[in-house]
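The sequence and the structure are shown first.

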Amino acid sequence: MVQENSSPNSDQAFVPLNSTLKDVKEKIPPEFFDRNIFISSAYLLRDICLVSTFFLLATRIEPFVARITGTLELGSYRPVLVRLTLWSVYWWFQGLAFTGLWVIGHECGHGAFSSNKYICDILGSLLHTALLTPYWSWKYVHRRHHSNHASLEHDEVYIPRTRSELGLPQPRHDDGQFEEYFGDTPIYTMFMLVRQQVLAFPAYLWFNVSGQKSYPRWSNHFNPHSVMFSDDQRLGVILSDMAMISMALLISHFCTTFGWLQVLKFYGIPWLAVNHWFVMITYLHHSDPILPHYRKGVWNFQRGAAATIDRDFLGWQGRFFLHDVAHFHVVHHFFPKMPWYHGEAATSYLRHVLGPHYHRSSLPVFKVLWHNYTVCQFIDDEGDVVFYRDRLGKLAKPLT
């Protein structure tokens, strides 16, 4: 029997989705599942052109600053401001363009780029390796995340901590105050949030931070004998490791040839932006007061797939550069092989099938990031369906 918790959005008991995956798929027009290699390739070519164009424009920044400094006789601090402004514009847009390429590599990992598995794996490996992501290793674990999303026992990432794991009192001893546990200053909270945005993805790959808690210590994406990989996946892990070593050597060569500062400016900071955008998008997809998590016996695939949220992420820039990865994420969890360019149309059908179980937010994403990071603290040890609780031990409330 399902033990139901109250939804943070209402005083009524939460009732899990009862539709079957077959019910959902029957409502989606079959043409939205078609993968067109020419459309996919056009998006890839566009992204490569964007990255190349931004790179070429960045090579003109220093000559431009030198020229206007001599011509306009600017004060000593103004060239610094001009230089910083121009480089910041480059880092913003190149970071988005890099992330767009990463998203296409992610689509290759799901087989959504093409119906040809070899095309997907070759392109995906090249794109992810260029952005220091172990393609095969991450693909294996990420697919398992999709297969077990929102399952507290079997999901792979963004698994909430429980009361007992944090050493918090059980509800009967709860006085509604956990200042000794969560009483951090806003400055420290901001530091921890920035650390998450910059380092969370490498920490997940190397140390399984925020990953499946049942895995042994030191489980990671680079050890072919890690428990997260089956015997038939070990060769792929080795191939990913070799590709990552090759990329590291290539970056080292560029540092020796052009200087580490040049590599940092043209590649390193946009790469850090990829980490930021990827972590921010995925964190907000999976960590929100309105999203349930399920325990065994209650979880099923379609319930887990619905336990995410579509967000209007960065407006037109999120749609153009990031291929709607945040705007239409729910349908991606139901049908990972569906090409991203069908996501919007398919979502118009999906939302009618899911009804109140479909979630969408148009709130400013940086504001939501801060809110969710501060209120989504832990879940209860008991209950088949659980929601996040805040620092006072109460059900976390969504931002409105």
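## Positive phi at S210

S210 is found in the loop between α9 (186-207) and α10; helices (H or I, at least four residues) and strands (E, at least two) are DSSP runs, numbered from the N terminus. Although S210 is not a glycine, its phi is positive, near 70°. The residue counts as partly exposed because its relative accessibility is 37% (buried means under 20% relative accessible area, exposed over 50%, partly exposed in between, with a 1.4 Å probe and protein chains only).

The model is predicted: local features need pLDDT of at least 70, side-chain atom pairs count only at pLDDT 80 or more, and totals for chains, interfaces and linings use all residues. Residues are numbered from 1 along each chain as its sequence is written, and side-chain values use heavy atoms, with hydrogens and water left out.

## Positive phi at L314

L314 lies in the loop between β2 (310-311) and α13 (315-321). This non-glycine residue has a positive phi of about 65°. With a relative accessible area of 17%, L314 is buried.

## The second largest pocket

The second largest pocket holds about 630 Å³ of space. A pocket is an open set of points on a 1 Å grid over the protein atoms alone where a 1.4 Å probe fits, with protein on both sides within 12 Å along at least five of seven lines; lining residues have an atom within 4 Å of a point.

Its lining comprises 21 residues, and F55, F98, F254, F266 and Y267 lie nearest the centre. The largest share, five residues, comes from α10.

Key. Points joined across faces, edges and corners; volume = space filled by probe spheres on them.
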